[in-house]
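Biologist: I am new to this structure, so please take a close look at its salt bridges and then go on to the parts around them.

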Amino acid sequence: MLKKTLPIIIGCLIGMYALVEFYVPHYHAKELMKEILDYAAILGAAAFVLGAINVFQVSWPKIRRREEDWQYKVVMLVAASAMLLAGVSWEALRGKDDAPVVQKTASATSALVIDTEPGVEVTVNGRALSPDYLKELGGDAQALTRGEAVTLAVPAGEYALGFSRRAIGYSAPSSTVVLAAGERAAVRAVPSMQWGKDGRVKTWLYDYVFAPCNSTMFALLAFFVVSAAFRAFRARNTEAALLLGSAIFILVGMAPFGRLISDSLPDIANWIIEIPSNSGRRAIMMGAAIGGIATGLRIILGLERSHLGEG
C-alpha cells in the first residue's frame, strides 16, 4: 500500500492540480502551486545527492575488485570530489568577512589613506584610481603599484570605495566612508579568493580542465559523425537517395565556393533548410510533445507505473 498505491495517489493528485491550476485565476491556487514547485525543487536537489551516493556505491566495489576500466572510475570519483569541494563556499561556512577596515583619526587636514596589496584596483566614487587620478588627488602615482599606502588630500564628504582584482573568483569589498572636516580615515581592504560556484578554484577547473576536455571529446565525435554520415548517405533506396541529394546540395550550397559554381546553389540550400528540414523538425517536435502529454496523462491516471519499478 505505502510502497505502490500511495505514490500513485500523490502523483495523481499533484498532476491533476497542476492541470486544473492553469484554469483557476484565484491567487490562493497560485500560491499553493508555488509551494508545490518549491517542494519539487527540494526533491530534485535531494535526487542529485542520491545520484552521487549511487555513483559511489556502484564504482567503489569495482575499483576495489580491480575490474575492467577501474582506473577511469578512480578519475571520475576524484574529479567529482574535487568539483564538490571547490563548489562549497568555505568562507561563508567560516563566516569570513573581508569588508574594508576603516580607522578615523583627527588631523589638521581631511585625507583618505588607502592601504591594500599590489594588483588590487581601487575605485573612488566609481572612478578607477589611475595614476592621473592619483595625481589629481595629490597622491603618489606609484604607491599602489609598490604596495604602499597612498594618502589622498580630499575635502570632507562622502566617498564610495571599491577594491577588486582583474582575475575572476575574488571578492570585491566596498565601503562608503563619510569624511568630516579635519578628519583622516585610513581604509584597508584586500579582496580574498572565493570558493563556491563563482570561486577561483571552481572557475579555474571549469575553464582550464573541463572546457578543454569537453572540446576534445566533441572534436573526436566529429570523426564518428563523418563515419556515420558516410554510411547513412549511401543511395541504397529512394529515401536514402533523397537524403544524399539534399546533403550534397546543402554542403555545396553553404560552402564558400558554392556561389562560385552557381548563384542558385545557396538559395536552394537555404530553401531546403528553411522549408522541408524545418517542417520535418517541427513534425518531430510535435510528435514528441504529444508523446510527452500522453505519458503525463498515463502517469496522472495511474496507468503508467514503470517509474515505480513495475514493468
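**Salt bridges and their surroundings**

Modeller: The structure holds six salt bridges, each being a side-chain nitrogen of Lys or Arg within 4 Å of a carboxyl oxygen of Asp or Glu. This is a predicted model, in which local features need pLDDT of at least 70 and side-chain atom pairs count only at pLDDT 80 or more, while totals for chains, interfaces and linings use all residues. Residues are numbered from 1 along each chain as its sequence is written, and side-chain values use heavy atoms, with hydrogens and water left out.

One of the salt bridges is formed by the side chains of Arg-165 and Glu-117, at 2.9 Å from N to O. This pair ties together distant parts of the chain, since Arg-165 sits in the loop between strand S6 (157-164) and strand S7 (174-179), whereas Glu-117 sits in the loop between strand S2 (111-115) and strand S3 (121-124), 48 residues apart. Here helices (H or I, at least four residues) and strands (E, at least two) are DSSP runs, numbered from the N terminus. Both partners are partly exposed: Arg-165 has a relative accessible area of 22% and Glu-117 one of 33%, where buried means under 20%, exposed over 50% and partly exposed in between (1.4 Å probe, protein chains only).

Another salt bridge joins the side chains of Arg-166 and Glu-121, at 3.0 Å from N to O. Again distant parts of the chain are linked, with Arg-166 in the loop between S6 and S7 and Glu-121 in strand S3, 45 residues apart. Arg-166 is exposed, with 74% relative accessible area, while Glu-121 is partly exposed at 32%. A further salt bridge, between Glu-67 and Arg-65, has an N to O distance of 2.8 Å, and its Glu-67 is partly exposed at 30% relative accessibility. Side chains of opposite charge can pair when their charged atoms come close.

Most residues other than glycine have a negative phi. Asn-125, however, has a phi near 55°, a positive value in a residue other than glycine, and lies in the loop between S3 and strand S4 (127-128). At 46% relative accessibility, Asn-125 counts as partly exposed. Asp-69, in the loop between helix H2 (27-64) and helix H3, likewise has a positive phi, near 60°, and is partly exposed, with a relative accessible area of 36%.

The next parts to look at are the pockets. The largest pocket is lined by 13 residues, and those nearest its centre are Ala-79, Met-83, Val-209, Phe-210 and Cys-213. Helix H3 (70-86) and helix H6 (200-232) are the elements that give two or more residues to this lining, and its largest share, seven residues, comes from H6. A pocket, found on a 1 Å grid over the protein atoms alone, is an open set of points with protein on both sides within 12 Å along at least five of seven lines, and lining residues have an atom within 4 Å of a point.

H6 itself has 33 residues and reaches 46 Å from its first C-alpha to its last, close to the 48 Å expected at 1.5 Å a residue, the expected span being 1.5 Å times one less than the number of residues. H6 has a kink of about 35°, centred on Tyr-206, the bend being the angle between axes fitted to the seven residues ending at a residue and the seven starting there.

Helix H9 (residues 264-300) can be read in the same terms: with 37 residues, H9 spans 52 Å from its first C-alpha to its last, close to the 54 Å expected. A kink of about 35° in H9 is centred on Ser-277. The buried residues of H9 are Leu-265, Pro-266, Ala-269, Ile-272, Asn-278 and Ile-300. Leu-297, which also lies in H9, is partly exposed, with a relative accessible area of 40%. Between Leu-297 and Val-74 there are 42 Å in space, C-alpha to C-alpha, and the two are 223 residues apart in sequence.

Notes: 1 Å grid on protein atoms, 1.4 Å probe; cavity = no way out; pocket = protein on both sides within 12 Å on 5 of 7 lines; lining within 4 Å.
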